[in-house]
Amino acid sequence: SNHDTHTRRDIMTSRMKELAQKYPDFFKRGGHETEIYCGGGWYSIIESLIETLTRIIQRLPVEYKGLYISYIKEKFGGLRVGTSTTHPSFRPALSLAELKAQITCEMCGKPGILRESQWMATLCDEHATHLPDISCIPDELVEEGNQAQSILNYRNHIERKIADEESKLIMFFASEEPTDVQ
């Protein structure tokens with residue numbers, strides 16, 4: 001039921017709050033406390049994002065050192081992360097996290113896919129009993145009458161986008177002088 005999912009999400013959200021204890025600089029700044037509203041299945045995605053942002057900030061001018069995360073939330077089944085300040089090099093790091101979340105169960109972190117009925121959520125088969133409809137797959141990736149192949153096509157499509165964002169970050173970190181990521 002809807003209530004069960006929300007109770008479970010509250011429990012999982014508390015796991016996300018562990019990140020705030022682990023990386024206090026990113027979550028509490030000048031009286032601001034980060035709004036966290038998403039399931040613990042995305043914990044490692046957010047942790048990896050924080051580690052990447054930490055590495056990026058080390059290469060940027062001092063005014064970026066005060067960066068904090070203003071919110072982490074699930075919206076329309078996807079991950080949304082807001083930062084207190086922006087820089088072109090943050091974009092691939094944020095995109096990477098959002099893309100990984102598109103194929104990761106928000107509840108447990110296993111492979112998942114966006115599902116939709118009364119509301120939308122990215123879930124694995126185990127957590128999706130109440131959200132059976134998979135309608136997020138673009139038409140050009142749908143294999144008529146073969147849902148498993150359609151899901152695989154979609155995952156491969158997202159994995160290619162992930163690889164693109166990862167290569168942008170690799171280029172950024174490989175550059176001698178800190179430069180903007182296009």
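Helices (H or I, at least four residues) and strands (E, at least two) are DSSP runs, numbered from the N terminus. This is a predicted model, in which local features need pLDDT of at least 70 and side-chain atom pairs count only at pLDDT 80 or more, while totals for chains, interfaces and linings use all residues. Residues are numbered from 1 along each chain as its sequence is written, and side-chain values use heavy atoms, with hydrogens and water left out.

**View 1. Overview of the protein chain.** Of the 182 residues in the protein chain, 45% are buried (under 20% relative accessible area; exposed is over 50% and partly exposed in between, with a 1.4 Å probe and protein chains only). Among contacts (heavy atoms within 4.5 Å) with a separation of 6 or more, 56% are between residues 24 or more positions apart.

**View 2. The open sheet E3-E4-E5.** Here 3 strands line up in the order E3-E4-E5, with mixed pairing; two strands pair if DSSP finds at least two bridges between them. Strand E3 (35-37) and E5 are the edge strands, each pairing on one side only. On average, neighbouring strands of this sheet are turned by 15 degrees against each other, direction ignored. E4 and E5 run antiparallel and are joined by 6 bridges. Look for Lys73, which stands opposite Arg80 in E5. H3 packs on the sheet and touches E4 and E5, its direction making about 30 degrees with that of E5. For such angles, axes are lines fitted to C-alpha atoms, for helices over the stretch in contact, and angles run from 0 to 180 degrees between N-to-C directions.

**View 3. Helix H3 beside helix H5.** The axes of helix H3 (residues 43-58) and helix H5 (residues 147-174) come within 11 Å and cross at roughly 30 degrees. Therefore H3 is roughly parallel to H5 (angles under 35 degrees count as roughly parallel, over 145 as roughly antiparallel, 65 to 115 as roughly perpendicular and the rest as oblique). The crossing of H3 past H5 is left-handed, meaning that the near helix is turned anticlockwise from the far one by less than a right angle; clockwise would be right-handed. Thr52, Arg55 and Ile56 of H3 meet Leu169, Phe172 and Phe173 of H5. By class, the contact of H3 with H5 has 4 nonpolar, 1 polar and 1 charged residues (Ala, Val, Leu, Ile, Met, Phe, Trp, Tyr, Cys and Pro count as nonpolar, Asp, Glu, Lys and Arg as charged, and the others, Gly among them, as polar).

**View 4. Phe76 in its loop.** Phe76 lies between strand E4 (69-75) and strand E5 (78-83). Phe76 is not a glycine, yet has a positive phi of about 50 degrees. Phe76 counts as exposed because its relative accessibility is 58%.

**View 5. Gly39 and Cys105.** Now visit the loop between E3 and H3, the place of Gly39. Gly39 counts as buried because its relative accessibility is 0%. Cys105 is 66 residues from Gly39 in sequence, and the two are 8.7 Å apart in space, C-alpha to C-alpha.

**View 6. The hairpin of E6 and E7.** Strand E6 (residues 113-116) pairs with strand E7 (residues 120-123) in the antiparallel sense over 4 bridges. The hairpin joins E6 to E7 through 3 residues.
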